[in-house]
Amino acid sequence: MKLSVQTYGTHIGHKLHVEENVNLVQLICDTCGCVAASWERPVEEVIYVASRCTDPVSSKMKENTELAAVFADKIAKATYTHTVAPHADMFGVLDDRDKDQRDAIIEFDNAILDRCDRVFVNREDIGVSFGATEECIRASKSGKKITGFTYNSLEDTITVTSVTTGGGFLCTEHSFLLW
């Protein structure tokens, strides 16, 4: 089951900070004092889905976040686990071009990533997407298992292309069809 980040209204232009405990991560709006976004980790295994988000063209950013939601849904169904792709749930809630808001979003995403058991990453985004690459480096340093995949939009399939456990980083080239 895909786990969504819960968002509460639009907070574009507001100052934000992150509050976290063991299983709860919240993005708090300092301007109005409310919760802008929250995510609660369930007891079962959770997979973090890393993929491209930011793009200078807003319509492409929307397309990237919609695709991340597709990846998260497909991976959840194929692996019988929970998945989360925070940027897929937060499009239009915050302004990724505002440095302060972007820093808060990255801190929020990292806090969620730290609570996940493993990471799936779209191989096409490694080295292209700064955020997805940084998330994988962070996951690798913490010893998380990282699974690389590619997506075939014509066949609507995901193929697993590599698996590694911390220290190595998507270094094998074995491929198998996930479904």
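The largest nonpolar core of this predicted model has 29 residues, and L27, W39, F108 and I112 have the most contacts inside it. A nonpolar core is a set of buried Ala, Val, Leu, Ile, Met, Phe, Trp, Tyr and Cys residues joined through side-chain atoms within 4.5 Å. Buried means under 20% relative accessible area, exposed over 50%, and partly exposed in between (1.4 Å probe, protein chains only).

**The cores**
- Helices (H or I, at least four residues) and strands (E, at least two) are DSSP runs, numbered from the N terminus.
- Helix α3 gives the largest share of this core, six residues.
- Another core, of twelve residues, lies apart from it and includes V49, I75, Y151 and I158.

**I112**
- Beyond its neighbours within four places in sequence, I112 is in contact (heavy atoms within 4.5 Å) with V5, V25, W39, Y48, V84 and P86.

**T79**
- T79 belongs to helix α1 (residues 58-79).
- With a relative accessible area of 19%, T79 is buried.
- The side chains of T79 and T81 are joined by a polar contact of 2.7 Å.
- A polar contact is a pair of N or O atoms within 3.5 Å; within protein, one must be able to donate a hydrogen and the other to accept it, and residues adjacent in sequence count only if both atoms are side-chain atoms.
- A polar atom of the T79 side chain lies 2.6 Å from the backbone oxygen of I75.
- Not counting residues up to four places away in sequence, T79 touches I47, R118 and F120.

**Basis**
- Because the model is predicted, local features need pLDDT of at least 70 and side-chain atom pairs count only at pLDDT 80 or more, while totals for chains, interfaces and linings use all residues.
- Residues are numbered from 1 along each chain as its sequence is written, and side-chain values use heavy atoms, with hydrogens and water left out.
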